[in-house]
Amino acid sequence: MDRQLLSGDEAVALAALHTGIALGTGYPGTPSTEILETFDALGGRAQWAPNEKVALEVALGAAFANARALVTMKHVGLNVAADPLFTAAYTGVGGALVVVTADDPGMSSSQNEQDNRRYAIAAGLPMIEPSDSQEAYDFFVAAVEMSERWHIPVLFRMTTRVCHSKSIVAARAGGGASAPAPRPHFEHDINGRVMIPANARPAHRRLRAKLAEIGEWGETCPLNRVERSGGDGSIGIVASGISYMHAVEAAPDASFLKIGLVNPLPIEKVRTFAASVRRTFVVEEGDPVIADSLRAAGIAVDSKPEMYRFGELDVARVRRILAGDTSPEVASARGKPPELCPACPYHTVYATLQKHDCIVAGDIGCYSLGVLPPYKAMDTCVAMGASIGVGLGLRHVLPDEEARRVVSIIGDSTFVHSGISGLVEMAYNPPRTGHVVIVLDNGTTAMTGQQEHPGTGRRLDHGPTNQLSIEGLATAIGIPSVTVIDAYAEPEEFDRLLQQRLAATELSVIVARRPCILAAADIRKWEGQAAEFRARAAEQSAVCEPGEENR
Amino acid sequence: MSVTNVVVAGLGGQGVIKASDILADTALLAGLDVKKSEIHGMSQRGGSVTSDVRFGTAVLSPMVPRGEADYLLVLAESEVEVARPLLRAGGILLSPDLIPDADLTNKRSLNVALLGALSHYLDLSPELFLQAVREALPEKLHAVNERAFELGRKVAAGQGTIR
């Protein structure tokens with residue numbers, strides 16, 4: 001048997017390859033990023049989109065064309081993609097569409113710990129949740145099969161510990177899904193895919209009918225299973241995802257109902273299970289989603305005290321939960337916090353913002369670390385792209401002397417992700433005092449591990465493609481003052497420029513451009529490869545020029 | 001069901017994750033069940049990093065419960081006290097001062113030297129460790145890391161700790 005030690009992300013990528021996923025797309029976000037990177041490395045077709053909404057729409061189009069498609073994102077990414085998601089539930093798909101949401105309970109690298117199982121309920125979509133890498137592989141295959149069988153997008157929920165933990169995977173001999181991948185082709189289905197109200201009303205009823213059918217299937221499907229232990233049967237635990245692993249270790253004598261299909265829940269299966277044990281306990285990380293649903297169905301269950309809603313679970317916490325222990329927990333030592341790299345090009349930017357006592361509307365990325373000492377030069381950080389809108393709101397209402405100190409700072413990848421609309425808003429509704437947006441352009445999506453984006457001019461695999469010009473876009477939007485500067489190389493010049501722009505009532509965009517110190521060497525290599533590629537292409541096109549045919 | 005719990009701790013960029021990868025691969029090569037877990041993301045920026053490796057006949061949770069590590073490898077002196085509560089009573093701490101600085105040809109191979117020290121205590125053959133080291137690192141780094149591994153193994157043996 002072929003045994004491989006894979007992370008959950010890698011296992012999903014392998015399953016995507018084996019199930020014939022024709023296109024994988026997404027936006028980088030811890031802990032989901034490695035899925036598409038691995039899918040590309042394995043030879044799959046993977047690409048980064050500017051943001052999760054676009055990624056989901058591209059994947060949906062592929063699935064409308066009867067292909068199998070995969071889209072990946074972190075939990076907060078699904079907020080961005082929620083608009084198409086909810087209506088894609090109505091339209092359904094021709095091929096397969098698996099939407100991976102990688103949640104981050106405990107917020108190891110996120111701004112909130114929202115529980116995306118709520119999205120499955122809200123959108124009315126089936127959701128599958130694996131517990132380790134083997135299940136990530138097996139359940140992904142099942143997700144593709146479900147999506148094709150019911151013509152419905154399937155949500156695939158992972159969490160940090162499933163995404164990033166490595167465990168042993170045996171891939172299926174001969175690959176994944178039972179049916180070979182269909183050949184993409186288009187069939188008109190205007191009533192099914194054009195969601196004007198007249199079509200959407202019956203579509204909503206169709207969705208609910210599909211869910212009812214899936215719910216019935218879920219009562220006996222292999223994704224949900226009962227495990228009887230040698231114990232006395234006094235306690236039965238209902239668990240899914242990583243919580244299941246912790247719970248089996250914490251309570252080896254308990255019986256288990258292991259749930260792999262978390263929406264719709266196998267209510268009757270749980271009812272039967274609960275009747276077979278003296279006490280039923282739900283062990284789940286995050287929100288009490290399963291416990292609330294079971295109680296609503298009239299099944300008496302015990303669940304964790306509120307204090308365990310916060311943060312990740314582990315074996316020790318599950319032991320406490322089962323023992324009803326609500327005494328204060330020992331806080332883990334914090335250790336050394338992360339910081340801006342010593343040679344990060346953003347040091348001078350933050351030093352200058354601090355020097356001028358700016359009010360800084362910040363954004364998401366490693367530059368968020370500018371909030372930490374010594375700079376403490378960030379006053380807000382909420383969501384991807386929010387720096388611009390929040391900065392404008394501050395400018396609109398603050399007294400002029402305070403408003404003039406407001407600056408928005410946003411990274412290059414974040415700007416492309418969702419800062420562009422903010423810039424349009426700035427040109428459309430300019431504050432009385434003007435505004436200053438600094439785009440921190442280090443030529444990469446640094447925080448998540450140096451991924452490409454449209455502004456780098458390179459694809460996911462680092463090969464060349466069209467390059468978005470941030471300064472060109474700002475000018476086209478109608479920003480009168482657009483300046484590109486290397487603030488790291490010219491700190492005094494940057495200081496002068498910032499003071500001048502803060503004093504002006506004009507709208508300004510300053511692009512502080514210098515490659516991320518971690519990515520600089522790779523960027524040089526890829527740029528060299530791109531130059532060679534262009535030179536070869538030019539040579540080849542020269543060969544075809546008229547008059548050259550006699551060579 | 002016996003599971004061995006190892007935690008590797010250090011700072012981002014020190015090779016914590018590489019060390020835990022090599023250890024997990026060694027357990028895989030030995031035919032054991034193995035899981036490993038760590039947090040990526042923010043920890044890449046020079047902050048504290050820990051990585052958990054668990055192996056044995058059957059491993060469930062990928063995380064070593066706090067205070068239940070049998071072995072704790074620490075790559076940065078500053079992290080020793082931070083990580084110590086992860087170790088169980090009677091567990092073995094392998095800290096960076098175990099490896100004499102002067103004997104380490106390349107300071108970046110401290111992670112592999114500590115794996116060498118760890119190997120002294122485990123029922124995993126040093127040959128499997130070295131195979132995993134070679135598979136995890138580019139060829140030009142093989143010799144220096146093999147030496148680091150042997151150094152760590154020798155130092156641990158010289159400590160006279162008997163399992």
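Here are some questions and answers about this predicted model, each tying a label to the values behind it.

Q: Why is Asp21(B) called buried?
A: Asp21(B) has 22 C-beta neighbours inside 10 Å, and a residue is buried if 20 or more other C-beta atoms lie within 10 Å of its own. The count of 22 meets that cut-off, so Asp21(B) is classed as buried. Asp21(B) sits in helix α1 of chain B, and its C-alpha atom is 9.1 Å from that of Ser51(B), 30 residues apart along the chain.

Q: What makes the largest nonpolar core lie between domain 1 and domain 2 of chain A?
A: This core has 153 residues, and those with the most contacts inside it include Ala59(A), Ala69(A), Phe140(A) and Leu72(B). Domain 1 (3-218) and domain 2 (225-323) of chain A both give residues to it, so the core lies between them. A separate core has 54 residues, among them Leu340(A), Tyr346(A), Ala474(A) and Val509(A).

Q: Which residues does Ala69(A) touch, not counting residues up to four places away in sequence?
A: With those sequence neighbours left out, its partners include Ile21(A), Leu23(A), Ala59(A), Gly95(A) and Leu97(A). Each of them counts as a contact because its C-beta atom lies within 7 Å of that of Ala69(A).

Q: How do you know that domain 1 and domain 2 of chain A are in contact?
A: 23 residues of domain 1 are in contact with 17 residues of domain 2. On the domain 1 side, the elements giving two or more residues are α6 (117-123), β6 (127-128), β7 (154-159), α8 (160-164) and α10 (197-218) of chain A. By class, that side has 10 nonpolar, five polar and eight charged residues. The C-alpha centres of the two domains are 25 Å apart.

Q: What makes strand β8 of chain A and β2(B) a pair?
A: Two strands pair if at least two bridges are found between them. Strand β8 (residues 166-170) of chain A and β2(B) have two bridges, in the antiparallel sense, so they qualify as a pair. Within β2(B), Lys36(B) stands opposite Lys166(A).

Key:
Residues are numbered from 1 along each chain as its sequence is written. Chains are lettered from A and ligands numbered from 1 in the order in which they are written. This is a predicted model: local features need pLDDT of at least 70, side-chain atom pairs count only at pLDDT 80 or more; totals for chains, interfaces and linings use all residues. A nonpolar core is a set of buried Ala, Val, Leu, Ile, Met, Phe, Trp, Tyr and Cys residues joined through C-beta atoms within 7 Å. A residue is buried if 20 or more other C-beta atoms lie within 10 Å of its own, exposed if 12 or fewer, and partly exposed in between; C-beta atoms are placed from the backbone. Domain bounds come from an automatic or database domain assignment. Two residues are in contact if their C-beta atoms, placed from the backbone, lie within 7 Å. Helices (H or I, at least four residues) and strands (E, at least two) are DSSP runs, numbered from the N terminus. Ala, Val, Leu, Ile, Met, Phe, Trp, Tyr, Cys and Pro count as nonpolar, Asp, Glu, Lys and Arg as charged, and the others, Gly among them, as polar.
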